[in-house]
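Subject: Structure for you to look at

Hello,

Here is the structure I said I would pass on. Please open it and keep it in view while you read the notes below.

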Amino acid sequence: MKILGSLLTLVASVAAGLTCAAGVSHAGLDNQYSIVDGKGRTLTIEQLDTFLNGVAPLDRNRLTREWFHSGKASYTVTGDGADQFTGTMQLGYQVGFPWSLGVGINFKYTTPNVLLDKASIAPQNFNPLGSVITPNLLPGVSIAANLGNGPGIQEVNTFTVDVRGAEGSVAVSNAHGTVTGAAGGLLLRPFARLLSKAGDSVTTYGEPWNMN
């Protein structure tokens, strides 16, 4: 059911790099999950140093929620053929709201999402870029998904990167997000997901963060 003149908007700007921003809330591993894929390999996905910093909305609207997100996601593959693993890693949110004043949810990215893996600045092994992996669309991506009036939960991927090999990671530093048009508060549950080229999937979910 659609309501004219109403809009629920979620905007996130993501910059990915090697390190997380200072002031993260959780030290080390936050959550992880593992499965055994169809080839007998163990796939593990983890979230580390997750911090969602809710701030007063700049537009001073009581229906707006604004936050900054920092954290890291890593994957490992063990077993025969682990080095030949290919797939994708996804990061995103489950967005929970008790009531909305709109029907649309929109993400917008204003900076490229870049994964730097196995980089080194040591003099004996200088390799500052290592393996650089970027999404297909640069410099930005817009994603829209329709919502009905709450209560409801919407899962939205903030970005996806291609991965290969037995391990890899991506860090997000001060990604900026806002939601407008949601009445009654907002909960964000960050997740990380690893998908193999063959279709195997493993997802780990973090604790909900209250953006009231």
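Buried residues account for 44% of the 212 residues in the protein. Please keep in mind that this is a predicted model. The accessible surface of the protein is about 10800 Å², and 54% of that belongs to carbon and sulfur atoms. The secondary structure consists of 17 strands and zero helices. Among contacts in the protein with a separation of 6 or more, 76% are between residues 24 or more positions apart.

In soluble globular proteins, nonpolar side chains tend to be buried together. Here the largest nonpolar core has 18 residues, and those with the most contacts inside it are I45, Y75, F85, M89, L91, V163 and L194. At least two residues of this core come from each of the strands β4 (42–55), β5, β6 (86–97), β12 (152–164), β13 (167–180) and β15 (187–196). There is also a second, separate core of 11 residues, which includes W67, V95, V179 and M211.

Y75 and F85

Leaving aside neighbours within four places in sequence, Y75 is in contact with T44, I45, F85, M89, V163, R164, G165, A166, E167, G168 and L194. Y75 counts as buried because its relative accessibility is 2%, under the 20% limit. F85 is also buried, at 0% relative accessibility.

A search of the whole structure finds four aromatic pairs. One of them is Y75 with F85: the ring centres are 5.9 Å apart and the planes are at 45°, so the pair is tilted. Y75 lies in strand β5 and F85 in the loop between β5 and β6, so this pair ties together parts that are 10 residues apart in sequence.

R164 is in strand β12. Is R164 buried or exposed? R164 is exposed, because its relative accessible area is 55% and the limit for exposed is over 50%. Leaving aside neighbours within four places in sequence, R164 is in contact with Y75, F85 and T86.

Q84 is in the loop between β5 and β6, and at 59% relative accessibility Q84 counts as exposed. Q84 and R164 are 80 residues apart in sequence, while their C-alpha atoms are 7.1 Å apart in space. For R164 and A82, which are 82 residues apart along the chain, the C-alpha separation is 9.4 Å.

H69

H69 is in strand β5, which covers residues 64–78. With a relative accessible area of 12%, H69 is buried. Which residues is H69 in contact with, leaving aside its neighbours within four places in sequence? They are T50, F51, L52, Y93, V172, S173, N174, A175 and P190.

Salt bridges

How many salt bridges does the count come to? The count comes to two.

In one of them, D37 is joined to R41, with the closest N and O atoms 2.9 Å apart. D37 is buried, at 6% relative accessibility, and R41 is buried too, at 5%.

In the other, the side chains of R193 and E155 meet, at 3.0 Å from N to O. This pair links distant parts of the chain: R193 is in strand β15 and E155 is in strand β12, 38 residues apart. R193 is buried, with a relative accessible area of 11%, whereas E155 is partly exposed at 33%.

The hairpin of β15 and β16

Strand β15 runs antiparallel to strand β16 (residues 201–205), and five bridges join the two. F191 has Y205 in β16 as its bridge partner. The hairpin of β15 and β16 has four residues between the strands, and in it G199 takes a positive phi near 105°.

Regards

Key: Residues are numbered from 1 along each chain as its sequence is written. This is a predicted model: local features need pLDDT of at least 70, side-chain atom pairs count only at pLDDT 80 or more; totals for chains, interfaces and linings use all residues. Side-chain values use heavy atoms; hydrogens and water are left out. Buried means under 20% relative accessible area, exposed over 50%, partly exposed in between (1.4 Å probe, protein chains only). Contact means heavy atoms within 4.5 Å. A nonpolar core is a set of buried Ala, Val, Leu, Ile, Met, Phe, Trp, Tyr and Cys residues joined through side-chain atoms within 4.5 Å. Two strands pair if DSSP finds at least two bridges between them. A salt bridge is a side-chain nitrogen of Lys or Arg within 4 Å of a carboxyl oxygen of Asp or Glu. Rings of Phe, Tyr and Trp (its six-membered ring) pair if their centres lie within 6.5 Å; planes under 30 degrees apart count as stacked, over 60 as edge-to-face and the rest as tilted. Accessible areas come from the Shrake-Rupley method with a 1.4 Å probe; for residues, only the protein chains shown count as cover.
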